[in-house]
Amino acid sequence: MSKKTPLIKTQGLSVHYPLRATKLFGAPPVVRAVDGIDIEIAAGSFFGLVGESGSGKTTLGRALLRAAPITTGTIEYDDGEVSYNIENVGKADLKDYRKRAQLIFQDPYAALSPRMTVRDIIAEPLEVMGITKTREETDARVREIAAKCRLSLEHLRRFPHAFSGGQRQRISIARALVSNPKFVVADESVAALDVSIQADVLNLLKDIQHEMGLAFLFISHDLSVVAHVCDHVAVMYLGRLVESAPTRQLFAAPRHPYTRALLSAIPSLDPDDRGKAQKLDGEIPSPTNPPPGCKFHTRCPYVKDKCRIDEPSLVVEKGHGVSCHFWKELMPKG
Ligand code: SF4
């Protein structure tokens, strides 16, 4: 794979769910969960995806794993060994892709079967996917990945109920990594943990990313966590990408009014910053009936007539993309 080839690249990716018709005539309503997304995720990178609940983050993550139905658009995967067009990949290639692209679940309590030992939980993907042929081979791989996730041999013999939330999440991480994937979707993977444990799990993910050269899609509503671990951040609103930039650039000079509102809501220790949070009025609109023009116009304090009619496209300048007609004039001076 050349240095410039992204591990994952999407073009015009959409996931629409048709609902049951409520009227006798006319087309049934459609939930536009993900609507025309173009992203590139580099091999070995930590790519953050943020936005409010209902913005489409989880659906996008699931579409990249082929766990959500793709309505239109393309997903190209290229890890140097194999390349696939994920949107129309065949059965055999999809089986291979499942080894290469994995998911870490949000809830470490619900994700683990209470009737299986930790060894069996971690070994399950190896057996289901036919990666290892003998019990010795499976055990060796389980022990190797458990050590990477800071789990001891003693831990492997126990059942999930014997572990704390942080330890359970390390078991979930070990299970996701045991097939030696190249791409991992971590969907709110630390959201259910205490703040003190969150740092521990985040540091583990970063260490593993360096060691295994993995790419993470890190989905989170918590921008302070994203700032800590991600190299690049994309912001979603109502199924669309509204901003995308390297993390430092996005946090230093956010271009979209929605991103600025999200960043201003991060709690600050500086007393001068208190009370500066920009309140977002109203709720995120329904994806079955998105507003015309700019999807954010119903909540944007800077809305103009053009915004209600014309939808802005994502314009990229110096590696920083934004979809707002007026971002340049809205940037703070100086
Ligand atoms: Fe606000 Fe208009 Fe920009 Fe949309 S296009 S973010 S409504 S200023």
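These legends walk through a few close-ups of a predicted model. Local features need pLDDT of at least 70 and side-chain atom pairs count only at pLDDT 80 or more, while totals for chains, interfaces and linings use all residues. Residues are numbered from 1 along each chain as its sequence is written, and side-chain values use heavy atoms, with hydrogens and water left out.

**View A. Strand β1 and its two partners.** Strand β1 (residues 8-18) pairs with β2 (residues 30-41) in the antiparallel sense, over eight bridges. β1 and β4 (residues 72-78) also run antiparallel, joined by five bridges. Pairing here takes at least two DSSP bridges; strands are DSSP runs of E, at least two residues, and helices runs of H or I, at least four, numbered from the N terminus. Look for T10: its bridge partner in β2 is I39, and in β4 T10 stands opposite I75.

**View B. Rings around Y77.** Aromatic rings of Phe, Tyr and Trp (its six-membered ring) pair if their centres lie within 6.5 Å; planes under 30 degrees apart are stacked, over 60 edge-to-face, the rest tilted. The structure has seven such pairs. One of them is Y77 with Y84, stacked at 6.4 Å centre to centre and 20° between the planes. Y77 is buried (under 20% relative accessible area, with exposed over 50% and partly exposed in between; 1.4 Å probe, protein chains only), at 1%.

**View C. A phenylalanine cluster.** Ring pairs link F46, F216 and F218.
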